[in-house]
Amino acid sequence: MGHDASMDPFGCKTHFLLYEICILAIGSCGTVTVTVPNKLILGTVGQPLLLPANYTTGTKDQNIQITWTFQSQSSGSMLLVTAINNTLTPDMEHGHRFFLSPPSASLLINPVELRDDGEYTIKVTVSGVKVVSASRQLTVSVNVPVSKPVVRSDPAWGAVEYVDNATLTCSVNKGTKVIYQWLKDGKPLKPSSRHTFSSDNKMLFISPVLKDDLSNYTCVARNPISMHESEPIAPNIYYGPYDLMVKSEPRFKVSEGVFAAGKGEPIWFKCSANSNPPNVYSWFQKADNKTTPIQWGPVLNIRSEKVPEKADYMCCVYNNITGKRDETQFTFILSATGQEKQKQKGSSLHSLGIIVGLSLTLIVCILLYFLLRKYYPRKVIKEELYRRSPTDYIQARQVSEVQEPPVDDYGIYEFIAVPEPAELQQIRPDKLSTVYDIIRVPDVHTTVYDVICHSPRTS
């Protein structure tokens with residue numbers, strides 16, 4: 001081991017710090033290689049834990065020794081178990097929990113205890129022509145699973161906005177190496193001018209509290225083997241009153257802050273404001289330069305027949321925890337609007353009934369008119385024509401041709417009666433053509449015929 005640094009026939013420097021590594025790489029000198037899959041192994045208290053390790057050697061005909069040692073800050077370094085050529089030699093103090101099964105180099109710890117947390121070293125020594133060895137280290141982290149965390153809010157009775165501070169504390173009954181994280185409405189909460197954390201993150205400080213701090217807070221507790229989240233908690237914060245307003249039925253609202261209703265018409269007003277705890281509501285009436293308290297509670301009911309024609313009303317709210325108050329005022333006008341609406345409604349219904357009755361009467365009259373026009377005129381025209389002689393037809397035709405243009409003779413003629421055959425014989429033959437111009441008679445014995453003459457088109 002004290003040789004100077006020089007090159008040997010295999011190309012390796014024989015410097016005393018590198019001589020052993022060169023020996024491990026040369027098969028003729030005897031070699032051994034140790035490997036571990038993971039350098040960090042997580043263990044759970046009360047559960048078995050396997051520390052996997054493997055080794056290889058260059059030749060078979062050699063002695064092999066496997067040794068596991070443990071080192072921690074609390075207990076220092078100690079030998080756990082040794083095996084030589086498949087013969088196990090356990091440590092008398094720790095052998096009841098540490099097991100080695102040669103030729104396997106893996107170490108089993110069963111059960112794991114918190115004191116098993118630390119650094120473990122496996123060393124494999126091979127004795128042949130030369131004695132060579134190799135070792136590896138790994139770390140075991142032993143933990144107790146965390147229980148579900150619980151969050152407590154202080155002060156428990158609540159905090160007044162802009163005045164008090166609030167503290168949220170997260171705690172677990174079980175768990176080691178616990179890391180805490182705070183969430184607000186499911187999102188990580190970062191430090192700010194009003195939100196700070198303790199050194200271990202177990203405590204959240206809010207100074208001072210505001211209405212915006214009314215949210216669901218949760219605490220996440222985790223360690224290398226487990227994680228749990230607490231139930232949400234919302235700190236009790238007293239605030240308000242905010243957003244004071246008075247509302248009523250939309251039909252009573254005339255303009256912003258002005259309401260009107262008819263005499264005898266009931267009307268209600270509701271006062272509301274955002275506050276914790278709920279506000280104390282009081283109502284006042286201002287009329288004739290006097291302010292009179294009239295009611296307690298958020299809803300005011302008014303019988304319009306018992307109030308002045310015009311009056312101002314005021315709603316006052318008070319938070320008895322924050323000590324803050326607010327008020328709003330509106331005007332109520334008494335008018336005949338409600339009565340007029342009722343009269344207009346009754347008048348409208350009456351007018352509608354009259355219109356419907358007149359419409360039905362008109363429809364019936366029109367139907368009767370067309371029915372009478374279709375059937376009754378036949379009898380009238382028939383009787384009138386039978387009383388006229390054939391000579392009257394010819395004279396009427398001749399007079400019409402002399403006094404009026406022929407175009408006036410065109411039109412619609414209905415229900416024309418033809419005279420009896422005896423009367424037709426009295427007409428001279430030279431006049432028959434005129435009669436047939438007026439009356440188209442396919443059969444002289446027929447009583448009534450429809451004659452339709454179409455008026456000529458005028459240009």
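Q: Is the disulfide of Cys 170 and Cys 219 left-handed or right-handed?
A: The torsion about the S-S bond of Cys 170 and Cys 219 is about -85 degrees, so this disulfide is left-handed. The link joins distant parts of the chain, with Cys 170 in strand S14 (residues 166–171) and Cys 219 in strand S19 (residues 217–223), 49 residues apart. Strands here are DSSP runs of E with at least two residues, and helices are runs of H or I with at least four, numbered from the N terminus.

Q: What kind of model is this, and how are residues numbered?
A: This is a predicted model, where local features need pLDDT of at least 70, side-chain atom pairs count only at pLDDT 80 or more, and totals for chains, interfaces and linings use all residues. Residues are numbered from 1 along each chain as its sequence is written, and side-chain values use heavy atoms, with hydrogens and water left out.

Q: How many disulfides does the rule give?
A: Two. The rule takes a pair of cysteine sulfur atoms within 2.5 Å as a disulfide. In the pair Cys 170 and Cys 219, the S to S distance is 2.0 Å.

Q: Which cysteines make the other one?
A: Cys 271 and Cys 315, with their sulfur atoms 2.0 Å apart. Cys 271 lies in strand S24 (residues 266–276) and Cys 315 in strand S28 (residues 310–318), so the link ties together parts 44 residues apart in sequence. This link is left-handed, at -100 degrees about the S-S bond.

Q: Are Cys 271 and Cys 315 buried or exposed?
A: Both are buried, which means under 20% relative accessible area; exposed means over 50%, and partly exposed is in between (1.4 Å probe, protein chains only). Cys 170 is buried at 0% relative accessibility, and Cys 219 is buried at 0% as well.

Q: What is the pairing in sequence order?
A: Numbering the bonded cysteines in that order gives 1-2, 3-4. Cys 316 is in no disulfide, and the nearest cysteine sulfur, that of Cys 315, is 6.7 Å away. Cys 316 is buried, with a relative accessible area of 12%.

Q: How about Cys 365, what is its relative accessible area?
A: 44%, so Cys 365 counts as partly exposed.

Q: Changing topic: where is Leu 367, and is it buried or exposed?
A: Leu 367 is in helix H2 (residues 337–386). Its relative accessible area is 54%, so Leu 367 is exposed.
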